[in-house]
Amino acid sequence: MAAPLPDSTLFAPAAGAAAFTAERPRRRAYNLDIWIPAAILVIIFAGCFLWPLIGPVPPPVGGSILSAGAPMFSPGHFLGTDPVGNDIFSRILYGGQVSMEVALAVNAIGLVIGGGLGSIAGYAGGIVDAVIMRVIDVLIAFPFLVLALAISQGLGPNERDVIWALSFFSVPAFARISRAGTLRLHGQTFMLAARLSGTRPWRMLLRHVTPNVMPQVATFALLGMGVTVILEGALDFLGLGIPDPSPSWGNMIALGQGTLSAQPSLVVVPSVFLFVTVVALNLLGDALRARWGTQ
Amino acid sequence: MTAEAGAAAAGPSSHWGPAAPAAGAVLRSPMLRLVGRRLLAAIPVLWGVTLLTFAVMNVLPGDAAQQLLGANATPAEVHALEVKLHLNEPFWVRYGHWLGAAVTGHLGSSIQSGQTVTSTLAQRLPLSIELLAYVFLLTIVISVPLAVLAARKPGGVTDRLSMMLSMGGLSIAPYVLALLLVLVFAVILRVFPAIGYVSPGESIPGNIRSLTLPAISIGFPVACVYTRLLRADIVEQMQSEDYVITARAKGVSQWQILVRHVLRNSVFGLITLIGLNLGTLVGALVIIEPIFSLPGIGQALLQAINSRDIPVAEAVTLVFAVVVVLANLLTDLLYAVLDPRIRYGRPTA
């Protein structure tokens, strides 16, 4: 009677989704819609983290003023240099590291804390649910950016505090998603069977709720990473993220703003990288959502 | 900002809105009960927001007295001003004072300018509201035609093009879009002003021109999210709803079914979403208004945070929070008004 209990259903459709296979989009050969964005992400990721280790990349800071303002494709500076003589390509790579680290960390925090809180709220119901969700509501009604601004000012702008600031956005979002997913499991037969056989609440959460909510939460994490990359850039852009000499895509865009008409490439180049990364994350998230049949 | 909204809301059509008011439970005026319950639930949320703002502002290093007197002030001078402004009292006492006054409608006055917060808001809110209204109009004008064109023939050329466009649009950061728009339309083409605000009193075309680039910067990414959701909903309804089959059997043309029947049904899901998303739009004001030097509440908030001006920061976040809470409530009500299945208290499909 009970559905087989899935051990790791990360790659299996969520319970009940099988009935709707007819409505799912036809799967394309080789799943190009998954592999192309995934490949782009791997290239960007590897480029940012590995290329500075093995390739001839000049340091991102402390460039000579003599080589300042070089246009794109000049010798030795593939993407040119900025007004203080730093190599732009190198700054893109090191700035990308910051973006990736922040995006991964913020979503990991959101997934663990927010996902956990949401599942607990959805599973326990009653007063626990009410209290947790009211707190989450406060965080959502609170203009997130304000909190982020204030935190990064209060704690002093650096990468670790940017992560904390952005987590105030990711935790409530993940909590809502995982609570909704948990609520949807309430009527399922396997949940009832597990409870009737005396499974303890924490075990219910870990073994039965978590694997079933995971596909939704994991696809959301990909979309969330896209959002995080944009928001991290926004903090940098407002001068409240990664402080100036060290590079990040957001502060490169902000610095380029001053010379927008004279040297637009200073804004355009980091913007393109930001855009491609976010598009790839969104495409991958979308494709996986369609594939796993989660909503 | 935008993709998050998309992900959070990307459900089947029946999950678009928030949960229907306790379906089937109450028949006598479920509407009033809904309003009452939601307003009651909003009180702790709003209170939490004010407390959080106060706490956050309190954590920030330096205070308004230091900011007002500058770096050269002696500690004694700073202390004297702190006493005058009641900044030396414990956190809970200050919060209690503020809350007590706020409940009776007194939001205090700005520590920086001495102007009352109410008049600051009255000065700055109209611009932000006008901008948001422009954004709202823009998102509808962009997303509805795009979604309809795309959904007319799923998988067709128009569909793919509009889906590509919207994927690109929702992935672009508003501040990047703002700078690119300034580069193209203000620096190169010189069609729109790069910065500044012209009030409608001075010149109405000038007013619209000064708000166009900011409105596109905020609205386009959001419109792209809506396009995708609206298209998905239309396609789903066209394939699965009984009334579509009935209409088709009657011989209504495909186009008519789409525009007359399905779109009408889907648009209210969209309206719900727009309401729920108002919070993120309001947040975008904080980034976009300073880029274009628009003296709205977003800019006021940024300045208030930078100068540790607690009364102004409190008031603006409170306004933001009230907007979010009210928008959620209104969309719930609109949802109930527009969807008879909810109005009569029957469970939705």
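What is the mean pLDDT of chain B, and what share of its residues reach 70 or more? The mean is 79, and 86% of the residues get to 70 or more. Keep in mind that this is a predicted model. As a whole, the model scores ipTM 0.76 and pTM 0.77.

| Stretch of chain B | pLDDT | Contacts beyond four places in sequence |
|---|---|---|
| residues 1-27 | under 50 | 61 contacts |
| residues 343-349 | under 50 | 12 contacts |

Now for the place where the chains meet. On one side, 43 residues of chain A are in contact with 46 residues of chain B. The size of an interface is often given as the accessible area lost when the parts come together. For chain A and chain B, the buried area is about 3,900 Å², and carbon and sulfur atoms give 80% of that.

What about charges and polar groups? The rule finds one salt bridge across this interface. D286(A) pairs up with R228(B) in a salt bridge, with the closest N and O atoms 2.8 Å apart. The rule also picks out four residue pairs in polar contact between chain A and chain B, with both residues at pLDDT 80 or more.

Several helices of chain A supply at least two residues each to the side that touches chain B, among them α4 (126-141), α6 (159-185) and α8 (201-237). The biggest giver is α10(A), with 11 residues. Sort the residues on that side of chain A by type, and you get 31 nonpolar, eight polar and four charged.

Methods. Residues numbered from 1 in each chain as written. Chains lettered and ligands numbered in written order. Predicted model: local features only at pLDDT ≥ 70, side-chain atom pairs only at ≥ 80, totals over all residues. Heavy atoms only, no water. Contact = heavy atoms within 4.5 Å. Buried area = accessible area lost by both parts, 1.4 Å probe. Salt bridge = Lys/Arg side-chain N within 4 Å of Asp/Glu carboxyl O. Polar contact = N/O pair within 3.5 Å; in protein donor to acceptor, adjacent residues only side chain to side chain. Helix = DSSP H or I, 4+ residues; strand = E, 2+ residues; numbered from the N terminus. Nonpolar A, V, L, I, M, F, W, Y, C, P; charged D, E, K, R; others polar. pLDDT = per-residue confidence, 0-100.
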